[in-house]
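Subject: Structure for your review

Dear colleague,

Please find below the structure that I am handing over to you. I would be grateful if you would look at it first and then read the notes that follow.

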Amino acid sequence: MQQSLTNVSVRALSRTKQAQTYVALEEARFMRRRIMRSFMVGLLGSLTTVAVLILFIIVAYTTVNGIGGINLDFFTQIPKPLGQEGGGIAQAILGTLEMLAVGAIIAIPFGIGTAIYLAEYGAGWFADTVRFSLELLASLPSIVVGVFVWALVVRSFTGFSGIAGAIALAFIMVPIIARSVEEILRLVPNSLREAGLALGIARWRVITKVVVPTVLPGILTGVVLSVARAAGETAPLLLTALGNEFFNFDLSRPMGAMPLQIYNYAISPYKDFHTKAWGAMLVLIVVVALFSGAVRYSMRNLRRAR
Amino acid sequence: MLANSPVLPERTDIIQKGHELETRNLNVYYGETHAVEDVNLKFSPNTITALIGPSGCGKSTVLRSLNRMHEVTKNAYVKGEVLLNGENIYASGVDPVRIRRRIGMVFQKPNPFPMMSVYENVIAGFKLNRGAPKGVNLDEIVERALRSAALWDEVKDKLKESGAALSGGQQQRLCIARSIAVEPEVLLMDEPCSALDPISTLKIEELMQELVKEYTIVLVTHNLQQAVRVADMTAFLLAGETRVGHLIEFNTTQQIFDNPSDGRTADYITGRFG
């Protein structure tokens with residue numbers, strides 16, 4: 001090649017060189033891209049692992065610290081006076097259950113009613129405004145709800161009371177129910193609505209007797225999800241239910257609740273209280289996990305049934 | 001199929017119900033879109049009329065406006081008149097719910113209520129409404145409707161099973177049974193066989209020939225052979241350049257297919273387009 005150098009072949013050579021450099025460059029780029037890709041995937045994987053690991057650490061740590069505090073007394077006894085060992089948080093468990101139940105009874109009609117309105121009737125700017133407001137309400141810091149209910153209900157009407165706590169929890173539940181149930185109602189194929197309408201059945205009957213029953217499991221799921229979320233809320237109860245160390249079924253008086261009990265025990269200086277706080281956290285985590293598991297399970301069945 | 005099933009006593013002296021449906025300058029709109037323009041059709045009592053035409057010609061739109069089902073679509077409205085036995089169903093003060101009760105509809109895809117049994121599906125028109133009129137035996141209604149829909153023999157032992165468990169063709173006949181259980185005056189069928197296999201299609205077609213003795217039937221179909229097989233009258237619709245559907249030709253099925261008066265009809269039925 002070198003013997004027959006002409007202008008043409010020089011150009012050809014330089015072109016070959018260019019091509020070679022280009023190939024080399026391309027290869028280097030490819031290598032760099034490969035290394036970069038391995039690095040980024042590794043990074044994303046580690047970030048994901050850490051994010052999930054935190055959950056496992058929380059659960060493991062809570063279990064280790066709390067399991068010792070859980071026994072029969074824990075579920076059946078009220079707290080012993082300061083300084084005495086033993087006792088339980090039965091009044092807090094009871095209070096949580098009662099306020100969740102009353103809160104759900106208040107929230108369900110508003111939540112489901114809103115969902116039906118949005119999915120079946122709502123259109124235009126009003127529905128959009130409602131949806132946006134629900135989004136906002138759902139992401140509102142829960143202490144805001146607590147203070148709001150304190151100002152509106154506790155201060156003017158009931159004083160610190162179970163009912164005020166239940167109202168605050170209902171505020172938490174309504175947007176969750178409304179949004180999830182609206183999504184679920186939209187899963188109902190339009191052909192079913194048309195089948196009902198074509199039989200000469202009024203629209204509201206089609207909704208209540210065809211649409212809602214068809215996705216009833218999904219609607220229950222939305223409700224359960226909202227109750228699970230409300231079960232762990234502390235801030236809305238601090239200024240409303242206040243907490244109670246004794247059994248109280250009376251909604252008009254201060255009421256114990258598990259998150260409040262955890263809070264009070266956690267900030268106390270006593271080892272026994274700390275163990276009980278961990279135990280209560282463990283119970284809460286297990287309950288919420290069970291709820292979520294049931295929801296995932298029933299949603300899967302619902303999708304499969306469609 | 002039908003010949004073998006036992007004939008109910010009522011069948012021997014069929015009352016010619018004689019319900020007539022007519023459109024006058026029917027225009028249908030979806031918001032800004034003008035879907036169908038100036039359709040004038042007359043559906044005579046106890047006849048099957050087929051609406052044919054390429055996709056998008058507005059035949060389903062016309063059908064859905066005959067029992068005010070198109071109103072379910074947002075922003076849809078109608079100008080002109082639809083007369084049921086001379087009475088305008090679009091007159092102010094007419095309740096669309098009652099109109100749909102008198103003009104039943106069967107859809108393209110079988111849509112039995114999945115949460116209900118076969119039995120409940122048939123009486124859904126009563127059950128979901130104010131309940132059956134007093135003194136009416138629901139069992140009788142279910143049996144009569146299922147017999148009329150040529151489904152009784154196949155499902156009489158599984159009345160309590162879910163309607164969704166039946167085959168596609170059975171589901172469609174169940175939907176027909178559900179429609180005729182409330183004894184409408186007119187039956188609208190929107191491509192009732194397009195989701196079915198040939199055997200089920202044949203059964204539905206035989207069924208239509210029976211049902212026409214009691215009902216006025218309007219049938220939308222993509223299947224020209226089906227129109228030839230079952231329809232007494234055929235209407236050809238076409239959307240021109242403007243995408244607005246027009247009625248091109250309306251005549252007896254024989255005339256339309258043997259001797260169409262419009263070139264476009266001829267082109268369509270000979271498969272030159274669509």
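**Chain A as a whole**

In chain A, 36% of the 306 residues count as buried. Please bear in mind throughout that this is a predicted model.

The secondary structure of chain A consists of twelve helices and zero strands, so that its pattern along the sequence reads α-α-α-α-α-α-α-α-α-α-α-α. The radius of gyration of chain A is 30 Å, whereas a compact globule of 306 residues would have one near 19 Å. Taken along the principal axes, the box filled by the C-alpha atoms of chain A is roughly 105 × 70 × 35 Å. Among the contacts in chain A with a separation of 6 or more, 74% are between residues 24 or more positions apart.

**Chain B as a whole**

Chain B has twelve helices and ten strands. What does its radius of gyration say when set against that of a compact globule? The value for chain B is 19 Å, which agrees with the compact globule, because a globule of 274 residues would have a radius of gyration near 19 Å. The C-alpha trace of chain B spans about 55 × 40 × 35 Å along its principal axes. Of the 274 residues in chain B, 45% are buried. Residues 24 or more positions apart provide 70% of the contacts in chain B with a separation of 6 or more.

**Two packed helices in chain A**

I would next draw your attention to helix H5 (residues 142-158) and helix H6 (residues 162-186) of chain A, which pack at an angle of about 145° with their axes 9 Å apart. The crossing of H5(A) and H6(A) is right-handed. On the side of H5(A), the contact is made by Ser142(A), Val145(A), Gly146(A), Val149(A), Val153(A), Val154(A) and Thr158(A). H6(A) contributes Ile163(A), Ala164(A), Ile167(A), Ala168(A), Phe171(A) and Ile172(A). Sorted by class, the contact of H5(A) with H6(A) comprises ten nonpolar, three polar and no charged residues.

Ser142(A), in helix H5 of chain A, deserves a separate look. Is Ser142(A) buried or exposed? Ser142(A) counts as buried because it has 20 C-beta neighbours inside 10 Å, and 20 or more is the condition for being buried. Leaving aside neighbours within four places in sequence, Ser142(A) is in contact with Ile172(A), Glu233(A), Ala235(A) and Pro236(A). The C-alpha atoms of Ser142(A) and Phe171(A) are separated by 9.1 Å, although the two residues are 29 residues apart along the chain.

**Where the chains meet, and the nonpolar core**

The contact between the chains takes 17 residues from chain A and 22 residues from chain B. On the side of chain A that touches chain B, helix H7 (190-198) and helix H8 (203-214) each supply at least two residues. H7(A) gives the most to that side, with seven residues. By class, the side of chain A that touches chain B has ten nonpolar, four polar and three charged residues.

The largest nonpolar core has 146 residues, and those with the most contacts inside it are Met173(A), Ile177(A), Leu51(B), Ala177(B) and Leu219(B). H6(A) provides the largest share of this core, 17 residues. Apart from neighbours within four places in sequence, Ile177(A) is in contact with Ala107(A), Ile108(A), Gly111(A), Ile112(A), Ala115(A), Gly222(A), Val223(A) and Ser226(A).

**Details in chain B**

In helix H6 (residues 138-148) of chain B, the buried residues are Val142(B), Arg144(B), Ala145(B), Leu146(B) and Ser148(B). What covers them includes helix H4 (118-122), helix H7 (152-155), helix H8 (168-181) and helix H9 (198-211) of chain B. After H6(B) comes Ala150(B), with a positive phi near 55°.

Most residues other than glycine have a negative phi. Asp38(B) has a phi near 45° and lies in strand S2 (residues 33-43) of chain B. Asp38(B) counts as partly exposed because it has 15 C-beta neighbours inside 10 Å. Asn75(B) has a phi near 65° and is found in the loop between helix H2 (59-65) and strand S4 (76-84) of chain B. Asn75(B) is exposed, since 11 other C-beta atoms lie within 10 Å.

Yours sincerely

How values were computed: Residues numbered from 1 in each chain as written. Chains lettered and ligands numbered in written order. Predicted model: local features only at pLDDT ≥ 70, side-chain atom pairs only at ≥ 80, totals over all residues. Helix = DSSP H or I, 4+ residues; strand = E, 2+ residues; numbered from the N terminus. Rg over C-alpha atoms; globule rule 2.2 N^0.38 Å. Buried ≥ 20, exposed ≤ 12 C-beta atoms within 10 Å, placed from the backbone. Contact = placed C-beta atoms within 7 Å. Axes fitted to C-alpha atoms, helices over the stretch in contact; angles between N-to-C directions. Left-handed = near helix turned anticlockwise from the far one by under 90°. Nonpolar A, V, L, I, M, F, W, Y, C, P; charged D, E, K, R; others polar. Core = buried A, V, L, I, M, F, W, Y, C linked by C-beta atoms within 7 Å.
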